[in-house]
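Hi,

Here is the structure I said I'd pass on. Have a look at it first, and then read my notes below.

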Amino acid sequence: MSIVVYSIKGGVGKTTLSVQIAQMLDYTYVTNDSHSSAHNLMPEEKGFLVSTEEYEEIPFDDNIVYDFGGFKDPRINIIIKQSEKIIIPTLTSIVDVQATIATLKDIYEINKNIIIVINRTKNNNKAIELKEYLLEEINKSYKDIKATILFVRESSVLEDSLFDCEYIETKAGTNRFKRHIYRNAIEDMKQVKKTLKD
């Protein structure tokens with residue numbers, strides 16, 4: 001299986017999510033975003049940058065998480081078409097929601113196996129309302145999309161994970177205190193893993 005994490009908007013948590021999934025599944029991390037440094041922080045031979053300057057096309061392979069930047073790159077369509085799952089991260093602001101709908105429109109004809117991850121959610125009704133709104137929009141305009149919507153709770157632990165690109169559960173180890181502090185992030189990533197495997 002290979003996975004694409006993509007949104008036309010920046011700042012929605014694509015890289016954090018991509019790195020966590022790559023480390024969780026022991027996949028290779030590939031990005032087309034030269035502004036990202038995550039590929040350099042990944043373990044040896046596990047992170048790669050495929051910049052437009054160096055690569056006319058992006059190689060496709062199994063066991064890869066592709067982190068595609070929030071800019072137009074015609075090379076990504078073939079990867080999106082061949083990948084088993086497409087993850088669209090979003091936040092709860094109206095601008096992010098509009099970007100999510102636009103991203104859906106962008107990839108609708110290419111791949112219909114979509115997971116929307118509402119990132120940095122808090123314990124309020126806003127994320128639930130957003131989920132209902134997105135499902136309504138999908139049912140209205142994209143009836144044949146197989147879309148799943150997940151929540152990943154707000155977590156400084158997840159945000160900080162980009163400093164060392166280590167999977168959150170590995171980082172917690174067997175330390176009971178750490179596992180308690182990291183529990184929401186661990187639970188959320190396990191739910192992402194389960195959805196990817198379904």
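A quick definition before anything else: I call a residue buried when its relative accessible area is under 20%, and exposed when that area is over 50%. Also, please keep in mind that this is a predicted model.

With that cut-off, the buried residues in helix H9 are Ala 185, Ile 186, Asp 188, Met 189, Val 192, Thr 195 and Leu 196. H9 covers residues 183-197, and its length checks out: at 1.5 Å a residue, its 15 residues should span 21 Å, and because the end C-alpha atoms are 21 Å apart, the two values agree.

Helix H5 (residues 126-141) passes the same kind of check. Its 16 residues should span 22 Å at 1.5 Å a residue, which agrees with the 22 Å between its end C-alpha atoms. So which residues of H5 are buried? They are Ala 127, Leu 130, Leu 134, Glu 137 and Ile 138. These cover an arc of only 100° around the axis, so they sit on the same side of H5.

The largest pocket has a volume of about 190 Å³. Its lining is made up of 14 residues, and those nearest the centre are Gly 10, Gly 11, Gly 13, Lys 14 and Thr 15. Helix H1 (residues 14-25) gives the most to this lining, with three residues. Sorted by class, the pocket lining comes out as seven polar, five charged and two nonpolar residues.

What about cavities? Searching the whole structure turns up one of 30 Å³ or more. The largest cavity has a volume of about 100 Å³. It is lined by 13 residues, with Thr 16, Asn 119, Val 152, Leu 158 and Glu 159 closest to its centre. The elements that each put two or more residues into that lining are H1, S6, S7 and helix H6 (156-160). H1 again gives the most, with three residues. By class, this cavity lining has five polar, four nonpolar and four charged residues.

If you open the model, H1 is a handy place to begin, as it contributes to the lining of the largest pocket and to that of the largest cavity.

Cheers

How values were computed: Residues numbered from 1 in each chain as written. Predicted model: local features only at pLDDT ≥ 70, side-chain atom pairs only at ≥ 80, totals over all residues. Heavy atoms only, no water. 1 Å grid on protein atoms, 1.4 Å probe; cavity = no way out; pocket = protein on both sides within 12 Å on 5 of 7 lines; lining within 4 Å. Points joined across faces, edges and corners; volume = space filled by probe spheres on them. Helix = DSSP H or I, 4+ residues; strand = E, 2+ residues; numbered from the N terminus. Nonpolar A, V, L, I, M, F, W, Y, C, P; charged D, E, K, R; others polar. Expected span 1.5 Å × (residues − 1). Buried < 20%, exposed > 50% of the residue type's maximum accessible area, 1.4 Å probe, protein only. Arc of directions from axis to C-beta.
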